[in-house]
Amino acid sequence: MINVTNPFANYTLAIAAQYNETKAGIEEAEKKPPRKVYRSMDSLLEECVFIGATRFGNNFIA
C-alpha cells in the first residue's frame, strides 16, 4: 500500500523499479548461450577444422 502523505513515495518507487529493471537486464546479459552439440566427428569438421583443437585439446589432428 502506498502512503499518499509521503511526498517521496513516488520518487522511491521509481528508483526501485529502475533498479529492478537494471538488475534483470544484467542477469539476462550474463546468461551463457546454449552450447553447440556435435553428434559426430564429421558434423564437427564440416563446420570448422579448428573447433576440434578447442574441444578435444591442442594435440587434436583432424
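**Entry 1: Ile 15**

Ile 15 is partly exposed, at a relative accessible area of 43%. The model is predicted, so I take this as a computed value for a predicted structure. I then checked which element holds it: Ile 15 sits in helix H1, residues 9-30.

**Entry 2: the salt bridge**

I searched for salt bridges next. The structure holds one. Glu 28 pairs with Lys 31. Their closest N and O atoms are 3.4 Å apart. That falls within the 4 Å cut-off. Side chains of opposite charge can pair when their charged atoms come close. Are these two residues buried or exposed? Both Glu 28 and Lys 31 are exposed.

**Entry 3: the whole chain**

I counted elements. The chain has three helices and zero strands. Read from the N terminus, the order is α-α-α. I also noted burial: 8% of the 62 residues count as buried. The accessible surface comes to about 6000 Å². Carbon and sulfur atoms account for 58% of that surface.

**Entry 4: confidence**

I checked the pLDDT last. The chain has a mean of 77, and 69% of its residues reach 70 or more. Where is confidence highest, and where is it lowest? Helix H1 is highest, at a mean of 92. Helix H3, residues 51-56, is lowest, at 61. Where pLDDT is low, the predicted coordinates should not be read in detail. Ile 15 belongs to H1, the helix with the highest confidence in the chain.

Note on methods
Residues are numbered from 1 along each chain as its sequence is written. This is a predicted model: local features need pLDDT of at least 70, side-chain atom pairs count only at pLDDT 80 or more; totals for chains, interfaces and linings use all residues. Side-chain values use heavy atoms; hydrogens and water are left out. Helices (H or I, at least four residues) and strands (E, at least two) are DSSP runs, numbered from the N terminus. Buried means under 20% relative accessible area, exposed over 50%, partly exposed in between (1.4 Å probe, protein chains only). Accessible areas come from the Shrake-Rupley method with a 1.4 Å probe; for residues, only the protein chains shown count as cover. A salt bridge is a side-chain nitrogen of Lys or Arg within 4 Å of a carboxyl oxygen of Asp or Glu. pLDDT is the predictor's confidence in each residue, from 0 to 100.
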